[in-house]
Amino acid sequence: MNPFSPSESSAGDVLVIGAGPAGLMAAQVLSDGGARVRVFDAMASAGRKFLLAGRGGLNLTHSEPLPTFATRYFDQSPVVLPWLQTFGPAEVGAWAQGLGIETFVGSSGRVFPRDMKAAPLLRAWLQLLRRGGVQFSMRHRWLGWDQQGQLVFETPAGPLHCPAPDALVLALGGGSWARLGSDGRWVDSLVERGVSVAPLRPSNCGFDVAGAAGLGWSDHFWQRHAGQPLKSVALSFVDSQGSRFARKGEFVATRSGVEGSLIYAVSALLREEIARSGSATPMLDLLPDRTLEEVGAEVARPRGSRSMASHLKSRLRLDGIKSSLLHELLERSAWHEPQQLARAIKALPLRLVAARPIDEAISSAGGVRMGQGEGEGVDAGLRLSAPALASSAVFCAGEMLDWEAPTGGYLLTACLASGHWAGQSALRQWRTRSAIKG
């Protein structure tokens, strides 16, 4: 059922387009503030990406102190900080508790629901919103504006033209996981209205590797090891601009390269270096708990008739995918030079040549630029500042804004925080217009 007839006015309403975490949080703020809120989404149900992201254990936020937490947003940390000061990690935890969801802090400092599931939280949230009067119109895909400035939706009942509301919040997602609604189709509509949008790029993504045999792994390697994790390794990287990364963790070999938590954590630096230089080469420490001297001494021990692979397994417990990776990336001659082999075990060059496609990424970078002036995307209140939209009171939230963060609770927290911030801005606009109308 369409929420508007062609002649019905939406005066007095605030519309939210996008029923992911950012849009739902904006709707909650607006509803709590007394506005009549209508939420539209292209999918059949709310929070599709949220549910899938939480399938393996919903990471709500992180328990680290706010000053450290805020640094996780790279160059946009100064812009994101005010959102977090209003609705940051502590507020996310309290909000979940208010929905009846008990949380706990894991050994890594990450915060999870006690049952690790996203569905109970989403159900409780949607019930709260509906009790507050929020109306939902699903399978309504926003197509932009018509020549009269009305919002245009593609619906199961046909095209819908909606009069401009008192305030509009766009929370349309980024460009990853298109099948769940985040397909970036909104970009053209905003650019046509003069909004400055940075190109959408993959973030928290995997990469294709260049091995000794050329692009990608050899058939021998990927057929044996694709999908297997490299555990208890350390990865370090220094890009051409002097930015540094070093961390211990694990990642996974794929058909054509690498992915997983340790790769995602450095993906922004790797992606930008590949864009600048054509490749990026982090260094992989296969035995981070052993010093180079210790590894060198063990490699150099007499091995008799044993192969070097057997020797490494016996002396250093280095076998399986780690041993195969050495064979994959090292020249054959290095296996006959103990010190060269030891150095490779402690610092194995892993040359990466391309990020995987954006639709495979966990999240995306780029989006509506966050500035202070005309044509800079959104202002400090997350209101679009393009002259063509000056009278429309359009606000943006979530992944469609130009920021990115690593996994670990930072993505979801900033989506919620930006939705809260945009919701507050839209609420002020709604109250101002309501007061003018008397």
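**Aromatic pairs and backbone angles in a predicted chain**

The chain has 15 helices and 21 strands. The model is predicted, and the C-alpha trace spans about 90 × 45 × 40 Å along its principal axes.

Biologist: What share of the residues in the chain is buried?

Modeller: Of the 438 residues, 55% are buried. The accessible surface comes to about 19,000 Å², and carbon and sulfur atoms hold 50% of that area.

Biologist: What share of the contacts joins residues at least 24 apart?

Modeller: Among contacts between residues at least 6 apart in sequence, that share is 69%.

Biologist: How many aromatic pairs does a search of the whole structure find?

Modeller: The search finds eight aromatic pairs. In one of them, Phe40 and Phe153 lie 4.4 Å centre to centre, with 20° between the planes.

Biologist: Why is Phe40 called buried?

Modeller: Buried means under 20% relative accessible area. The value for Phe40 is 0%, so Phe40 is buried. Phe153 also counts as buried, because its relative accessibility is 0%.

Biologist: Why is the pair of Tyr73 and Trp403 called edge-to-face?

Modeller: Planes over 60 degrees apart count as edge-to-face. The planes of Tyr73 and Trp403 are 65° apart and the ring centres 5.9 Å apart, so the pair is edge-to-face. Tyr73 lies in the loop between α3 (66–70) and α4 (77–86), whereas Trp403 lies in the loop between β21 (394–396) and α15 (410–437), 330 residues apart. Tyr73 is buried, with a relative accessible area of 1%, and Trp403 counts as buried at 3%.

Biologist: Which residues form one aromatic cluster with Tyr73 and Trp403?

Modeller: Phe69 and Tyr410 form one aromatic cluster with them.

Biologist: What makes Lys49 a charge that sits over the ring of Trp177?

Modeller: The charge must be within 6 Å of the ring centre and within 35 degrees of the ring normal. The charged end of Lys49 is 5.5 Å from the centre of the Trp177 ring and sits over that ring. Arg130 likewise lies over the face of Phe136, at 4.8 Å from the ring centre.

Biologist: Why is Ser232 called partly exposed?

Modeller: Partly exposed lies between the limits for buried, under 20%, and exposed, over 50%. Ser232 has 41% relative accessibility, so Ser232 counts as partly exposed. Ser232 lies in strand β14 (residues 229–238) and has a positive phi of about 50° although it is not a glycine.

Conventions:
Residues are numbered from 1 along each chain as its sequence is written. This is a predicted model: local features need pLDDT of at least 70, side-chain atom pairs count only at pLDDT 80 or more; totals for chains, interfaces and linings use all residues. Side-chain values use heavy atoms; hydrogens and water are left out. Helices (H or I, at least four residues) and strands (E, at least two) are DSSP runs, numbered from the N terminus. Buried means under 20% relative accessible area, exposed over 50%, partly exposed in between (1.4 Å probe, protein chains only). Contact means heavy atoms within 4.5 Å. Accessible areas come from the Shrake-Rupley method with a 1.4 Å probe; for residues, only the protein chains shown count as cover. Rings of Phe, Tyr and Trp (its six-membered ring) pair if their centres lie within 6.5 Å; planes under 30 degrees apart count as stacked, over 60 as edge-to-face and the rest as tilted.
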